[in-house]
Amino acid sequence: QLRESGGGLVQPGGSLRLTCVYSGRTGGDHIMGWFRQAPGKEREFVADIGRNSNSAAYLYSVKGRFTISRDNAKNTVHLQMNSLKPEDTAVYYCAARPGSSVSWTEADSWGQGTQVIVSL
(Lines give C-alpha, C1' and ligand atoms only; values in the text may rest on other atoms or scores of the structure.)
Protein backbone atom coordinates (compact mmCIF):
# COMPACT_ATOMS: atom_id res chain seq x y z
CA GLN A 1 0.00 0.00 0.00
CA LEU A 2 1.34 3.42 -0.97
CA ARG A 3 0.16 6.83 0.16
CA GLU A 4 1.43 10.11 -1.30
CA SER A 5 1.34 13.59 0.19
CA GLY A 6 2.92 16.98 -0.31
CA GLY A 7 1.33 18.17 -3.51
CA GLY A 8 -0.11 21.63 -3.93
CA LEU A 9 -0.01 24.92 -5.80
CA VAL A 10 3.36 26.58 -6.26
CA GLN A 11 4.68 29.42 -8.37
CA PRO A 12 7.19 28.81 -11.16
CA GLY A 13 10.66 28.56 -9.69
CA GLY A 14 9.32 27.27 -6.40
CA SER A 15 9.84 23.97 -4.63
CA LEU A 16 7.75 21.11 -3.29
CA ARG A 17 8.64 17.91 -1.50
CA LEU A 18 6.49 14.88 -2.14
CA THR A 19 6.39 12.00 0.31
CA CYS A 20 5.28 8.43 -0.22
CA VAL A 21 4.71 6.15 2.75
CA TYR A 22 4.72 2.46 1.95
CA SER A 23 3.37 -0.42 3.98
CA GLY A 24 2.16 -3.98 3.73
CA ARG A 25 4.04 -6.13 1.27
CA THR A 26 5.97 -3.16 -0.08
CA GLY A 27 9.25 -2.80 1.73
CA GLY A 28 12.94 -2.23 1.56
CA ASP A 29 13.32 -4.96 -1.05
CA HIS A 30 11.31 -2.93 -3.56
CA ILE A 31 12.53 -0.43 -6.09
CA MET A 32 10.53 2.76 -5.56
CA GLY A 33 9.59 5.30 -8.17
CA TRP A 34 7.62 8.39 -9.04
CA PHE A 35 5.48 8.85 -12.13
CA ARG A 36 3.29 11.71 -13.26
CA GLN A 37 0.33 12.25 -15.52
CA ALA A 38 -0.58 15.64 -16.94
CA PRO A 39 -4.07 16.37 -18.30
CA GLY A 40 -4.56 14.77 -21.69
CA LYS A 41 -1.21 12.97 -21.55
CA GLU A 42 -0.03 9.50 -20.73
CA ARG A 43 1.57 8.67 -17.43
CA GLU A 44 5.35 9.08 -17.59
CA PHE A 45 8.29 7.96 -15.52
CA VAL A 46 9.88 10.69 -13.39
CA ALA A 47 12.45 9.00 -11.15
CA ASP A 48 13.27 5.80 -9.34
CA ILE A 49 15.66 4.64 -6.65
CA GLY A 50 17.24 1.31 -5.83
CA ARG A 51 16.60 -0.74 -2.73
CA ASN A 52 19.62 0.58 -0.86
CA SER A 53 19.62 4.03 -2.45
CA ASN A 54 22.56 2.78 -4.47
CA SER A 55 21.19 4.00 -7.77
CA ALA A 56 18.73 6.54 -9.09
CA ALA A 57 17.39 7.40 -12.51
CA TYR A 58 15.55 10.47 -13.74
CA LEU A 59 13.47 11.70 -16.60
CA TYR A 60 15.79 13.89 -18.65
CA SER A 61 13.67 17.01 -18.24
CA VAL A 62 13.80 16.86 -14.42
CA LYS A 63 17.44 15.91 -14.01
CA GLY A 64 19.24 18.48 -11.88
CA ARG A 65 15.96 19.84 -10.51
CA PHE A 66 14.39 16.81 -8.83
CA THR A 67 15.99 14.49 -6.29
CA ILE A 68 14.59 11.15 -5.17
CA SER A 69 15.53 9.67 -1.81
CA ARG A 70 14.30 6.96 0.52
CA ASP A 71 14.45 6.02 4.18
CA ASN A 72 13.81 2.30 4.62
CA ALA A 73 13.70 2.66 8.41
CA LYS A 74 10.73 5.02 8.06
CA ASN A 75 9.21 3.33 4.99
CA THR A 76 9.25 6.58 3.07
CA VAL A 77 10.30 7.82 -0.34
CA HIS A 78 10.66 11.51 -1.13
CA LEU A 79 10.77 13.52 -4.31
CA GLN A 80 12.32 16.95 -3.78
CA MET A 81 11.27 19.18 -6.66
CA ASN A 82 13.09 22.48 -7.17
CA SER A 83 12.93 25.11 -9.89
CA LEU A 84 9.45 23.96 -10.79
CA LYS A 85 8.04 24.83 -14.19
CA PRO A 86 4.44 25.02 -15.42
CA GLU A 87 5.11 21.89 -17.49
CA ASP A 88 5.69 19.98 -14.25
CA THR A 89 1.99 20.33 -13.49
CA ALA A 90 0.54 16.84 -13.13
CA VAL A 91 -0.77 14.25 -10.74
CA TYR A 92 2.26 12.54 -9.22
CA TYR A 93 2.10 8.85 -8.35
CA CYS A 94 4.31 6.72 -6.17
CA ALA A 95 4.97 3.18 -7.40
CA ALA A 96 6.84 0.09 -6.28
CA ARG A 97 8.22 -2.96 -8.06
CA PRO A 98 10.06 -6.00 -6.74
CA GLY A 99 13.82 -5.76 -6.55
CA SER A 100 14.04 -8.75 -8.86
CA SER A 101 11.96 -7.09 -11.59
CA VAL A 102 13.52 -5.64 -14.72
CA SER A 103 11.10 -2.88 -15.64
CA TRP A 104 8.16 -0.83 -14.41
CA THR A 105 5.75 -3.03 -16.33
CA GLU A 106 6.15 -5.31 -13.31
CA ALA A 107 5.05 -2.68 -10.77
CA ASP A 108 2.95 -4.27 -8.06
CA SER A 109 1.76 -1.21 -6.15
CA TRP A 110 0.56 2.28 -7.03
CA GLY A 111 -0.54 5.17 -4.88
CA GLN A 112 -3.64 7.29 -5.43
CA GLY A 113 -1.64 10.30 -6.57
CA THR A 114 -1.09 13.84 -5.38
CA GLN A 115 -1.77 16.92 -7.49
CA VAL A 116 1.01 19.38 -8.27
CA ILE A 117 0.11 22.66 -9.95
CA VAL A 118 2.80 25.11 -11.01
CA SER A 119 1.24 28.44 -11.87
CA LEU A 120 1.35 32.15 -11.13
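## Thr19 and its surroundings

The side chains of Thr19 and His78 are joined by a polar contact of 3.0 Å. Such a contact is a pair of N or O atoms within 3.5 Å; within protein, one must be able to donate a hydrogen and the other to accept it, and residues adjacent in sequence count only if both atoms are side-chain atoms. This is a predicted model: local features need pLDDT of at least 70, side-chain atom pairs count only at pLDDT 80 or more, and totals for chains, interfaces and linings use all residues. Residues are numbered from 1 along each chain as its sequence is written, and side-chain values use heavy atoms, without hydrogens or water.

Thr19 lies in strand β3. Strands (E, at least two residues) are DSSP runs, numbered from the N terminus. Thr19 is buried, at 16% relative accessible area. Buried means under 20% (1.4 Å probe, protein chains only).

## Strand β4

Seven of the eight residues of β4 are buried. β4 runs antiparallel to β9, with eight bridges. Five bridges link β4 to β5, also antiparallel. Strands pair if DSSP finds at least two bridges between them.

Met32 stands opposite Ala96 in β9. Its bridge partner in β5 is Ile49. β4 and β5 form a hairpin with six residues between them. In the turn, Gly40 has a positive phi of about 75°.

## The core

The largest nonpolar core has 25 residues. It is a set of buried Ala, Val, Leu, Ile, Met, Phe, Trp, Tyr and Cys residues joined through side-chain atoms within 4.5 Å. Those with the most contacts inside it include Met32, Trp34 and Val46.

Terms used. Buried means under 20% relative accessible area, exposed over 50%, partly exposed in between (1.4 Å probe, protein chains only). Helices (H or I, at least four residues) and strands (E, at least two) are DSSP runs, numbered from the N terminus.
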